[in-house]
Amino acid sequence: MSAPGFRLKLRKLLIKMDFMIEVQDLSKYYGSVKAVDGVSFRVDRHQVLGFLGPNGAGKTTIMKILTGYHFPSGGSALVDGISVTEDPVELKRRIGYLPETAPLYGELTVEEYLNFIAGARFVPRHKRRAVLDLSMEACGLSGCRFRRIETLSKGFRQRTGLAQAMLHDPPILILDEPTAGLDPNQIIGIRSLIRELGKRKTVILSTHILQELEAVADQVLIINRGKIVAQGRPEEIAGDIKGGDTWEICLKGRAIQAGLDRLGFVYSRPRIEEAEDGTARLSFFVPGARGVEGEAIFDWAVREGFKILMMNRRSLSLEDIFVHLTCGEEIAAGKDITTGKEIATGEGLKPGGKPVAPEDGR
Ligand code: ATP
């Protein structure tokens, strides 16, 4: 093997070990429209990444490039070590894709449809029964396997779309607005399904709904006009702005996660770091509108038998951040987005705690 060939293989191997998805300086033109403009990001294995952005931001285009349906105009994207431009067939084997409008056939039953998809994805006949059962069970469809798809509610049609995406057990799921048009109960169901899937798979999902990402995402990219304008953990994005709504607590006690489940008002995925000396640091994001007071957290800690060593609150809603990042140039102009007042340089939103350089879009 030639030296460059060997280097390429080694690079792919290293990336495979480190990141599931690595996108570098990606761009896409539709004619003269620049839909994606120098986007770079990485996604770890078993991480849920959320794309958040207004209509026309470029979310779907990035997803279509990652799934091999569109060719990029520039830059590179490696998915599980495979270049999206070099091996689209192998790429599609590694990815389960739920487009904005799931490709369903209404006249088929759920089982007939999934069986058809399994055939199209070359799932061997002797494995199909097990594969179908597994995907229907994971998506809560077992009770309606013999129902025609056109008779299902929108939530269950969306579940059927998810079941087809995960049918061939891909390590990566790409879900374009999986909860669009669903009612609140259906949204809760799909969110918890995504959370479950995120434990075993790498998931990218897009949405316009901030709470969606606060509930399921490990990392958020806020995209506007084809560029990344902020990135980081949901609570980091909120917490890095003045007056945030993030609670940071240091306490003494065990089984923090179990206790936290009984807190009742946690909005974001909590972050917990337990130390060997029996202390733990936790942080979570609570929208200010919920009116959660320190007293309630204190009472919860007493109920659970935890001793609070430190409590700190930073507040601001992610909604505010989003609106200002995608609609205005206030941040770039150095204004505090809560007050609109001038702020000192470097105090604006920082993706993952770091400023975004406007030139490279990262
Ligand atoms: P939405 O939330 O509305 O789905 P999005 O963030 O997914 O939006 P894209 O669908 O990726 O955004 O669109 C990004 C830009 O590219 C928009 O200006 C859109 O009009 C344009 N665009 C998308 N697809 C095409 C296409 N096939 N031909 C021409 N322009 C396109």
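Trainee: Which strands form the open sheet, and in what order?
Mentor: In this predicted model, four strands make up an open sheet with the order β2-β1-β4-β5, and their pairing is antiparallel.

Trainee: And which strands stand at the edges?
Mentor: Those are β2 (33-43) and β5 (82-83), each of which has a single partner strand, so one side of each is left without a neighbour in the sheet.

Trainee: What packs on that sheet?
Mentor: Helix α2 does, touching β1, β2 and β4, and the direction of α2 makes about 115 degrees with that of β1.

Trainee: Which residues does I65 touch?
Mentor: Leaving aside residues up to four places away in sequence, I65 touches L26, K28, H70, P72, A77 and V84. Of these, K28 is 37 residues from I65 along the chain, and the C-alpha atoms of the two are separated by 8.8 Å.

Trainee: Which strand is β6 joined to, and how does the pair run, parallel or antiparallel?
Mentor: Four bridges join β6 to strand β7 (residues 172-176), and these two strands run parallel. Within the pair, G96 stands opposite L173 in β7.

Trainee: Now the helices. At what angle do α4 and α6 pack?
Mentor: Helix α4 (residues 110-120) and helix α6 (residues 154-166) pack at about 25 degrees, with their axes 10 Å apart. An angle under 35 degrees counts as roughly parallel, which means that α4 is described as roughly parallel to α6. The crossing of α4 and α6 is right-handed.

Trainee: Which residues make that contact?
Mentor: On the α4 side they are V110, Y113, L114 and I117, while α6 contributes T160, A163 and Q164. By type, the residues of the contact of α4 with α6 comprise five nonpolar, two polar and no charged.

Trainee: How does α4 pack with α5?
Mentor: The angle between α4 and helix α5 (residues 125-138) is about 120 degrees, and their axes are 10 Å apart, which makes α4 oblique to α5. The crossing of α4 and α5 is right-handed.

Trainee: Which residues meet there, and how do they divide by type?
Mentor: From α4 we have V110, E111, L114, N115 and A118, which meet R128, V131, L132, S135 and M136 in α5. The residues of the contact of α4 with α5 comprise six nonpolar, two polar and two charged.

Trainee: Last one, on the whole protein: how many helices and strands, and what share of residues is buried?
Mentor: The secondary structure comes to twelve helices and 14 strands, and 41% of the 362 residues count as buried. As for contacts between residues at least 6 apart in sequence, 67% of them join residues at least 24 apart.

How values were computed
Residues numbered from 1 in each chain as written. Predicted model: local features only at pLDDT ≥ 70, side-chain atom pairs only at ≥ 80, totals over all residues. Pairing = 2+ DSSP bridges. Contact = placed C-beta atoms within 7 Å. Axes fitted to C-alpha atoms, helices over the stretch in contact; angles between N-to-C directions. Parallel < 35°, antiparallel > 145°, perpendicular 65-115°, else oblique. Left-handed = near helix turned anticlockwise from the far one by under 90°. Nonpolar A, V, L, I, M, F, W, Y, C, P; charged D, E, K, R; others polar. Buried ≥ 20, exposed ≤ 12 C-beta atoms within 10 Å, placed from the backbone.
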